[in-house]
Amino acid sequence: MLILLTGLALLALLQGVSAQSGVNETKSGNVTVTVAAVTMVDLNPNNLNYTANPGEACGRDISNGACNETINNYFAIQVENIGSWNVTKIWFNVSQESQSPFGVGAPTYVDPGNFIALSTNESTDDFFFVDRKEYKSIRNIVYLRDPDGNMPANLTKYNYGSMHNASSEYFYMIQNSPGGCNSSGIGYIRIGVTPHTTTQIGSTDFSTGASSNYIQYNLTSMTSNGYAVAVGNISTGPLAGYGVSVENQTCAVRFAKWNKDFPWDTTMANYSFNGVLTPGDSLAKKIGIMVPWGIYSSTKTGQLTAIAIGAT
């Protein structure tokens, strides 16, 4: 009888231990993370390839476009806010030619960054160059008439060239100032309204009495960086929306839409985005290229760069 009682007591003890082993204890702790305030953007796709003929525009729905991106048929780029606070402004710049690529007999100075055009967004077809750089003509264009009525133009007093827009070229003429192109801020630029193409000569008369052939913009000298800039954007004509600047020493002319970097200011080139782009959000823009006539055959790589400003 004593042995039996001892066995029952032991069994009860063992059962008690078994029941208690199923109880779990929980304990919470705090983990504090401070995410640094950083402005960051990502640009994709970041490797685009095009195959095009001279005078051809490539890109989905681009004006007179006949070709698309070669490898993956990409038609747009996406800029994503991968940082940790709001982005309020985005613009772009591109690599550019260091001197005229025309009439060289080699692709030495060809830079496809100078061909890049973007639309306002992925739903619009309003393509503009980011920042197209043009140099004065390498040869006298014998059929251009200068503001004083001279044909060919007086190169001591005027410089001229073309804004190459794929199969269309718009002649322009600059009034020189003493010491260079508009170095004293008293010059102007006249831009033809009708393009030169393979089927038409375009606007060639820049004489004062033929004002219907061109749009004139007075240039204001920016002595700190060697540029003279037009007052405001081009307001009318086929190149409406571009800001215009003229480099004093080289007489290079830049037509910009989406680049806010120097020498542009708030009255000329545009921000590509101006609002609030929250972390994790993105925007898209159609992309294409416009290859000018008379460019030497090559396979070259240019760059497109997105620049963002974060909220302060």
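Modeller: Let us start with a definition: a residue is buried under 20% relative accessible area, exposed over 50% and partly exposed in between, with a 1.4 Å probe and protein chains only. This is a predicted model, where local features need pLDDT of at least 70, side-chain atom pairs count only at pLDDT 80 or more, and totals for chains, interfaces and linings use all residues. Residues are numbered from 1 along each chain as its sequence is written, and side-chain values use heavy atoms, leaving out hydrogens and water.

Biologist: What makes Phe171 buried?

Modeller: Phe171 has a relative accessible area of 2%, and buried means under 20%.

Biologist: How do you describe a pair of aromatic rings?

Modeller: By the distance of the centres and the angle of the planes. Rings of Phe, Tyr and Trp (its six-membered ring) pair if their centres lie within 6.5 Å; planes under 30 degrees apart are stacked, over 60 edge-to-face, and the rest tilted. The whole structure holds six aromatic pairs.

Biologist: Why is the pair of Phe128 and Trp258 called edge-to-face?

Modeller: Their ring centres are 6.2 Å apart and their planes stand at 90°, so the pair is edge-to-face. Phe128 is in strand 7, Trp258 is in the loop between strand 15 and strand 16, and the two are 130 residues apart. Strands here are DSSP runs (E, at least two residues), numbered from the N terminus.

Biologist: Why do Tyr143 and Phe171 count as edge-to-face?

Modeller: The centres of these rings are 6.0 Å apart and the planes at 70°, so this pair is edge-to-face. Tyr143 lies in the loop between strand 8 and strand 9 and Phe171 in strand 10, so the pair ties together parts 28 residues apart in sequence.

Biologist: What makes the charged end of Arg60 sit over the ring of Phe75?

Modeller: The rule asks for NZ of Lys or CZ of Arg within 6 Å of the ring centre and within 35 degrees of the ring normal. The charged end of Arg60 sits over the ring of Phe75, 3.9 Å from its centre. Likewise, the charged end of Lys89 sits over the ring of Tyr271, 5.6 Å from its centre.

Biologist: How do you know that strand 5 and strand 18 pair?

Modeller: Pairing takes at least two DSSP bridges between two strands, and seven bridges join strand 5 to strand 18, which run antiparallel.

Key: Helix = DSSP H or I, 4+ residues; strand = E, 2+ residues; numbered from the N terminus.
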